[in-house]
Amino acid sequence: MRKVGIGIIGCGGIANMHAGAVANLSDELDFVAVCDTVEERARKMAAAYNVPGVYTDSRAMLRDPRLEAVLVCTPHPSHCPLAMQAAEAGKHVMVEKPLSVDLKQADQAIEAAKKAGIKFGVIFQRRFWPAAQRARKAIDDGKLGKIIVGDCQVKWWRDKAYYDRDAWRGTWSAEGGGVMVNQAVHAIDMYQWLMGPIDTIYGQWANLSHPYIEVEDTAVAAIRFKNGALGTILTTVSTKPQLGSRIAVTGDNGNTVSILEHPEGRYGVNEIWEIPGETEAAAKLLAEEQAKAEFMFRSRIDENGNRVSERNVTCHQLQIQDFANAIRENREPAVSAEEGRKAIEIIMAIYHSGRTGQPVKFPFYG
């Protein structure tokens, strides 16, 4: 198997998850470079993973001949500008979620990648959860009939210490949004992946309990999908105790499946699996998975309610592996930039609807 030379731009918190995944894929990837505007951070990561190239300037890094692809782990508003830099340099690129906080910029980056002939992906590793794959297959196999209703609820808690940790958190200019852009974007992506294309959305959002941040801590939306189904989204970081994230989807035959992300580490379980002939087996599987309290993603919740990840085999690894295979096989990655745009389109439409008081018809271009 031909190894792909890969690097990481941005060596902050989430980059450690990427670096661990790349290290675990050493038979398939050459970890050749890291870049961060804070040289100490870049050198620390390079030393931890024996990476030869250390840069503080992304354009200089992208000229490294050993480099074929980059993983972008910087604050949200820089994702698409860095992707366009990668396209200009002819390097494949995958950015952390969200793709962008600006739909026009996202479309420019997607177009630049197409013109350059590079692969352009977005990290939505929770699509690789076994529970998510099971739910998607059940829908694809027609076990729910026609989808008629679905809901997406994200109920987390974030305190002042969480926002104080990094200057960019909780700001429009550096984070681009609040709970929807940061905590809920994974659930929103999975929700639309299961439910299908949206026709109309009406949303409201507000900051109800975090006066020390600029952005929303709570948002809700009512949705009509193009297949006629109805749905809701509720996201907040104002809930104690944390109740986690749950997506539930129901078909016209009454069959229902859900995906629960538990706040204490039981990730990606099919908490509800009401399909005739499968309910008993699903309940047994749920009990086994909850007993393990882990899948392909290990983490714990610290005293401030924040997720702390540990290096191990993760769904980040599965998605980065798929990205490398897409490069070798000259195909689209499992979560392309066009796919990654869908969650941002929903979020930006909710922002727009909340500002105008009007429903938003899809497609929405910002």
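Analyst: What follows starts with the sheet and then moves to a helix, some loops and the whole chain.

This is a predicted model, in which local features need pLDDT of at least 70 and side-chain atom pairs count only at pLDDT 80 or more, while totals for chains, interfaces and linings use all residues. Residues are numbered from 1 along each chain as its sequence is written, and side-chain values use heavy atoms, with hydrogens and water left out.

The open sheet is formed by eight strands in the order β13-β12-β11-β7-β10-β9-β8-β16, with mixed pairing. Strands here are DSSP runs of E with at least two residues, helices are runs of H or I with at least four, and both are numbered from the N terminus. Two strands count as paired if DSSP finds at least two bridges between them. In general, strands of a sheet pair through backbone hydrogen bonds, either parallel or antiparallel. The edges are β13 (273–274) and β16 (360–361), each of which pairs on one side only.

Inside that order, β9 (residues 218–225) and β10 (residues 230–236) are antiparallel and share seven bridges. One of the bridge partners is Thr-236 in β10, which faces Thr-218. In the loop between β10 and β11 (244–251) sits Pro-241, and the peptide bond that leads from Lys-240 to Pro-241 is cis, with omega near -5°.

Pro-98 belongs to the loop between β5 (92–95) and α5 (103–116).

Helix α8 (residues 185–195) has eleven of its eleven residues buried, so it is largely enclosed by the rest of the structure. Buried means under 20% relative accessible area, exposed over 50%, and partly exposed in between (1.4 Å probe, protein chains only). Among the buried residues of α8 are His-186, Asp-189 and Trp-193.

Asn-50 lies in the loop between α2 (39–49) and β3 (53–55), and counts as exposed at 69% relative accessibility.

The chain as a whole has eleven helices and 16 strands. Its radius of gyration is 20 Å, close to the 21 Å that the globule rule gives for 366 residues, so the chain is as compact as a globular protein of that length. That radius is taken over C-alpha atoms, and the rule is 2.2 Å times the number of residues to the power 0.38.
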